[in-house]
Amino acid sequence: MTSAVTSFFMLAVQRSCLLLVALLLASIDAHAQAAPVDYPLAAGDAVRVQVFQNPDLTLETRISESGTISFPLIGTIRLGGLAVGAAEKRIADALKSGGFLQNPQVTLLLTQIRGSQVSVLGQVGRPGRFPLETASTRLSDMLANAGGATPGGDDVVIVTGQRAGQPFRKLVDVPSLFLRERSEDDIVLQGGDVIYVHRAPVFYVYGEAQRPGSFRIERAMTVMQALALAGGPTARGSRDRLQLHRQQDDGGVALLTPRMNDPVMPNDVIYVRESLF
């Protein structure tokens, strides 16, 4: 009986150890996949450096303002501006050239991003500069950090920056990220990116309207909807005698007679004329 209990206990311990190792490996693998391989390390980033079969060389630290860390045996080493893979190679080369290890296998995990920031400008609740908390921060996350677009903000945001050393610019229709499941447009941000939310396009109504003024253009808005938003014609006005002033590409203004189901364009001016009777 004692032998059977001992065997059962040993088997349970072995299974627990295997499960713990599997969970640790999965956690490390998921964390490593969170950071883009081309992410350039920057001052303030928190990193964990491990050397295979050398646990005494494990180091958790932040990259200094000068872009360096102090690593056991090799001292100060510059990692700022390097991608994760290049930083691992630099540490391994230093350990090898210093005669400390023959074939060092170095793993660097980016545990927190602080050095890289993104600017959010324009029609948002809290414009400013925000740190990239993780290497997988997406556009929607950063817009949420900035309080989202104001009621006067456009649905389309502009993201500019650099990718692979080349200028980068992308227009993203934010509602379509969720309404049309275009998740591929919810891009992963990088340090130095700028997000700009322009004011929403507007149209104008004047003349014999209940509430003349300027109004935000909603998606697929028609002249009928625009007129309804302005409260419709007054008792003296006529919906059948509308004039539409529309700006042309050459800078001129065209005078049109719109139909009720015509689309409204940015900066359109709708004039509600008096009824003939």
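User: What is the accessible surface of the protein chain, and what share belongs to carbon and sulfur atoms?
Analyst: In this predicted model, the accessible surface comes to about 16400 Å². Carbon and sulfur atoms account for 55% of that area.

User: How many helices and strands does the protein chain have, and what percentage of its residues is buried?
Analyst: The chain has 5 helices and 15 strands. Of its 277 residues, 34% are buried.

User: What share of the contacts between residues at least 6 apart in sequence joins residues at least 24 apart?
Analyst: That share is 54%. A contact here means heavy atoms within 4.5 Å.

User: Why is L189 called buried?
Analyst: The relative accessibility of L189 is 3%. Buried means under 20%. The value falls under that cut-off, so L189 counts as buried.

User: Where is L189 found, and which residues does L189 touch?
Analyst: L189 is in the loop between α4 (174-179) and β10 (194-199). Leaving out residues up to four places away in sequence, L189 touches V118, L132, T137, R138, L139, M142, V159, R163 and I195.

User: What separates the C-alpha atoms of L189 and Q117?
Analyst: The separation is 9.4 Å. Along the chain, L189 and Q117 are 72 residues apart.

User: What makes Q243 a buried residue?
Analyst: Q243 has 18% relative accessibility. The cut-off for buried is under 20%.

User: Which strand holds Q243, and which residues is Q243 in contact with?
Analyst: Q243 is in strand β13 (residues 237-247). Neighbours within four places in sequence aside, the contacts of Q243 are L255, L256, P258, V269, I270, Y271 and R273.

User: Why is L73 called exposed?
Analyst: Its relative accessible area is 52%. Exposed means over 50%. L73 passes that mark, so the word applies. L73 sits in the loop between β3 (68-71) and β4 (75-78).

User: What is the phi of L73?
Analyst: Phi of L73 is about 75 degrees. That is a positive value, although L73 is not a glycine.

User: How do you know that N267 is partly exposed?
Analyst: N267 has a relative accessible area of 33%. Buried needs under 20%, exposed needs over 50%, and partly exposed lies in between. The value for N267 lies in between, so N267 is partly exposed.

User: Where is N267 placed, and what is its phi?
Analyst: N267 is in the loop between β14 (253-256) and β15 (269-274). Its phi is near 70 degrees, a positive value in a residue other than glycine.

Key: Residues are numbered from 1 along each chain as its sequence is written. This is a predicted model: local features need pLDDT of at least 70, side-chain atom pairs count only at pLDDT 80 or more; totals for chains, interfaces and linings use all residues. Side-chain values use heavy atoms; hydrogens and water are left out. Helices (H or I, at least four residues) and strands (E, at least two) are DSSP runs, numbered from the N terminus. Buried means under 20% relative accessible area, exposed over 50%, partly exposed in between (1.4 Å probe, protein chains only). Accessible areas come from the Shrake-Rupley method with a 1.4 Å probe; for residues, only the protein chains shown count as cover.
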